[in-house]
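The sequence and the structure are shown first.

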Amino acid sequence: IVGADGWRTILEGDSTRGLARIESGLAEIGNAAGGALTAPLRLQRALTLAALPATRAQGIALLRYGFPLDPEMQPIASYALGRALEASGDRSGAATAYGDFIRYWSGADASLQPKVTEARAALARLKAAGG
């Protein structure tokens, strides 16, 4: 419950307090709940960290390495990794992450295709810029 409250707090605009609550909730749960049950909270933590310049490197590391046993989170983690790497100036890494995302979701349902279109546009932009 603490972790979910942290997520709500982030959505309300308080990233610092929300991240602390998510961390506390994840520490409280530990490995008892299993990775699949904590994956959404871990993803939200990584997304929030990656969105903030001061913690972007930590968020990038979590997006890159934090979901090897969570295949359901990998596509969105790859998309977010592309955005974070692009924001950090790593065009080559961003292009790779967007490419991974496109491979994961290119055949996804129509409702998910707008994200694929966005990733393709980002990849084209990066390639045009020499990334």
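A crossing of two helices is called left-handed if the near helix is turned anticlockwise from the far one by less than a right angle, and right-handed if it is turned clockwise. The model described here is a predicted one.

## Packing of H1 against H3

Two packed helices are described by the angle between their axes and the distance between the axes. For helix H1, which covers residues 2-11, and helix H3, which covers residues 35-51, the axes come within 10 Å and cross at roughly 35°. The crossing in which H1 passes H3 is left-handed.

The contact is made by Gly3, Ala4, Trp7 and Ile10 on the H1 side, which meet Pro40, Leu41, Gln44 and Thr48 on the H3 side. Sorted by class, the residues in this contact of H1 with H3 are five nonpolar and three polar, with no charged residue.

## Pro40 within the contact

Pro40 is part of helix H3, and it is among the residues that H1 meets there. When residues up to four places away in sequence are left out, Pro40 touches Trp7 and Met73.

How many aromatic pairs does the model contain? With ring centres required to lie within 6.5 Å, the count comes to three. One of them joins Tyr79 and Tyr98 in an edge-to-face arrangement, with 6.0 Å from centre to centre and 65° between the planes. Tyr79 lies in helix H5, residues 74-88, and Tyr98 in helix H6, residues 91-105, so this pair ties together parts that are 19 residues apart in sequence. Tyr79 counts as buried at 7% relative accessibility, and Tyr98, with a relative accessible area of 3%, is buried as well.

Tyr79 also pairs with Phe101, in an arrangement that is tilted, with 5.0 Å from centre to centre and 55° between the planes. Since Tyr79 lies in helix H5 and Phe101 in helix H6, this pair ties together parts that are 22 residues apart in sequence. Both Tyr79 and Phe101 are buried. Ring pairs link Tyr79, Tyr98 and Phe101, together with Trp105, into a cluster.

Notes. Residues are numbered from 1 along each chain as its sequence is written. This is a predicted model: local features need pLDDT of at least 70, side-chain atom pairs count only at pLDDT 80 or more; totals for chains, interfaces and linings use all residues. Side-chain values use heavy atoms; hydrogens and water are left out. Axes are lines fitted to C-alpha atoms, for helices over the stretch in contact, and angles run from 0 to 180 degrees between N-to-C directions. Helices (H or I, at least four residues) and strands (E, at least two) are DSSP runs, numbered from the N terminus. Contact means heavy atoms within 4.5 Å. Ala, Val, Leu, Ile, Met, Phe, Trp, Tyr, Cys and Pro count as nonpolar, Asp, Glu, Lys and Arg as charged, and the others, Gly among them, as polar. Rings of Phe, Tyr and Trp (its six-membered ring) pair if their centres lie within 6.5 Å; planes under 30 degrees apart count as stacked, over 60 as edge-to-face and the rest as tilted. Buried means under 20% relative accessible area, exposed over 50%, partly exposed in between (1.4 Å probe, protein chains only).
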